[in-house]
Amino acid sequence: MTRPTDTDRVVIFDTTLRDGEQSPGATMSHEEKLEIAGLLDDMGVDIIEAGFPIASEGDFRAVSEIAKIAKNAVICGLSRANFKDIDRNWEAVRHAKQPRIHTFIGTSPLHRAIPNLTQDEMADLIHETVSHARNLCDNVQWSPMDATRTEWDYLARVVEIAIKAGATTINIPDTVGYTAPVESADLIRRLIAEVPGADEVVFSTHCHNDLGMATANSLAAVAGGARQIECTINGLGERAGNTALEEVVMALKVRHDIMPWTTGIDSTKIMNISRRVSAVSGFPVQYNKAVVGKNAFAHESGIHQDGMLKNPQNFEIMRPEDVGLADTNLVMGKHSGRAALRAKLKDLGFEMGDNQLKDVFVRFKELADRKKEVYDDDLIALVGVTADPE
Ligand code: KIV
Ligand code: ZN
């Protein structure tokens, strides 16, 4: 039998429109959600979690419409552990070519206290709700929320119950970003090894970034046997956000030598969707954000610029075009050197001899001391001619 863990392919489950949109202030309009869903589908995301249908009429409508228009992706909606939520979810996702119901309940001691259920009562509820979901849909994902703070014995017990009740994917959420890479890998490995039936379902990882370890924890979970990563564009999500799609995808691509798993994502579509998600959510991307930040492919220091001009691999581990960016950005500032200035002026259409360059370089350094960044127009003015390179 081929077990899900035997495959090298990691399924990318994007939850920008559910967990991402849940972050305070990130609400998107109906049209914006459809646009983002279209871009996710087009870039090769395997599963789109399109919303939480019971949460509002708007969420229900968005999930239903996305289910109708998705070309390739599985469309998933979220529901709590009750029949009403699950039925409403199914009403929305059933329009999809490939629908999935996702249902969850908090299993840690803290989260069990919220509905005030005993361990046995919660176990029964999990069995009933997952069975109900499975009677509606062949593709059912179950999540024990706050799994990483749930007692091992109880976690193993409820995962077994969910599998027996028909769950096809078991998602292990690190809801509060509490786990660490070694623990993340061990937890998945142990669940697969010890829970009866675990080798027949796909294990998934869902990490939050409270300690800045979401990407590392997700990749560690894959090393432990998980074959689905839940993530969002730009790491959008509650508090410090979720695992960033662009980070796990590029990490798997760039370090395939030590992480031999693949995704179906067309990475050249990353930059465009990052910009669109930032625009519609109103959440700016931090300048030094890995992969998609404004400075991720920018170089200012003279040594780095010189190295880049000689061979981009000196200071870049991925090519800008691999993430959909036209080119590396040599930022002209006070740390820039003569070689970069010469290259930049050449790009702008000004070829000059050493003496002229020496003079321009002195004036450029004076200006750079006064300005954070020296723009193309500043350089053109410095050379003392109008911008008409050709
Ligand atoms: O963080 C979390 O636990 C979740 C679940 C609903 C999967 O988002
Ligand atoms: Zn979450």
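At what angle do helix α6 (residues 119-136) and α7 pack, and how far apart are their axes? The legends below take up this question first and then turn to other views of the predicted model.

**View 1. Packing of helices α6 and α7 in the predicted model.** Helix α6, formed by residues 119-136, packs with α7 at an angle of about 25°, and their axes are 8 Å apart. Angles under 35 degrees count as roughly parallel, and the two helices α6 and α7 are therefore roughly parallel to each other. The crossing in which α6 passes α7 is right-handed. On the side of α6, the contact is made by Gln 119, Ala 123, Ile 126, His 127, Val 130, Ser 131 and Arg 134. On the side of α7, Tyr 154, Arg 157, Val 158, Ile 161, Ala 162 and Ala 165 take part.

**View 2. The barrel of eight strands.** The strands follow one another in the order β1-β2-β3-β4-β5-β6-β7-β8 and close into a barrel, with parallel pairing. On average, neighbouring strands of this sheet are turned by 25° against each other, direction ignored. In general, the strands of a sheet pair through backbone hydrogen bonds, in either a parallel or an antiparallel manner.

View 3. Phe 13 has Ile 47, in β2, as its bridge partner.

**View 4. The annotated binding site.** An unreviewed UniProt entry places the feature "binding site" at Asp 19, His 206, His 208 and Asn 242. These residues span 224 residues in sequence, yet no two of their C-alpha atoms are more than 10.4 Å apart, so they gather at one spot.

**View 5. Surroundings of Asp 19.** Asp 19 belongs to helix α1 (residues 16-20). Is Asp 19 buried or exposed? Asp 19 has 24 C-beta neighbours inside 10 Å and therefore counts as buried, since the cut-off for a buried residue is 20 or more. Apart from neighbours within four places in sequence, Asp 19 is in contact with Thr 232, Gly 237, Glu 238 and Asn 242. Asn 242 is also one of the positions in the UniProt annotation.

**View 6. Surroundings of His 208.** His 208 lies in the loop between β7 (202-207) and α9 (214-223). With 25 other C-beta atoms within 10 Å, His 208 is buried. Residues up to four places away in sequence are not counted among the residues that His 208 touches; these include Asp 174, Thr 175, Val 176 and Gly 177. Ala 214, Gly 237, Arg 239, Ala 240 and Asn 242 are touched by His 208 as well.

**View 7. Asp 186 in helix α8.** Helix α8 (residues 181-194) contains Asp 186. This residue, Asp 186, has 14 other C-beta atoms within 10 Å and is partly exposed. Between the C-alpha atoms of Asp 186 and Gln 228 there are 16 Å in space, while the two residues are 42 residues apart in sequence.

**View 8. The chain as a whole, for orientation.** The chain has 15 helices and 10 strands. Of its 390 residues, 44% are buried. Taken along the principal axes, the C-alpha atoms fill a box of roughly 85 × 40 × 40 Å. Among contacts between residues at least 6 apart in sequence, 72% join residues at least 24 apart.

Note on methods. Residues are numbered from 1 along each chain as its sequence is written. Chains are lettered from A and ligands numbered from 1 in the order in which they are written. This is a predicted model: local features need pLDDT of at least 70, side-chain atom pairs count only at pLDDT 80 or more; totals for chains, interfaces and linings use all residues. Two strands pair if DSSP finds at least two bridges between them. Helices (H or I, at least four residues) and strands (E, at least two) are DSSP runs, numbered from the N terminus. Axes are lines fitted to C-alpha atoms, for helices over the stretch in contact, and angles run from 0 to 180 degrees between N-to-C directions. A residue is buried if 20 or more other C-beta atoms lie within 10 Å of its own, exposed if 12 or fewer, and partly exposed in between; C-beta atoms are placed from the backbone. Two residues are in contact if their C-beta atoms, placed from the backbone, lie within 7 Å. UniProt positions are given in the numbering used here, feature names are shortened, and annotations may be inferred rather than shown by experiment. Angles under 35 degrees count as roughly parallel, over 145 as roughly antiparallel, 65 to 115 as roughly perpendicular and the rest as oblique. A crossing is left-handed if the near helix is turned anticlockwise from the far one by less than a right angle, and right-handed if clockwise.
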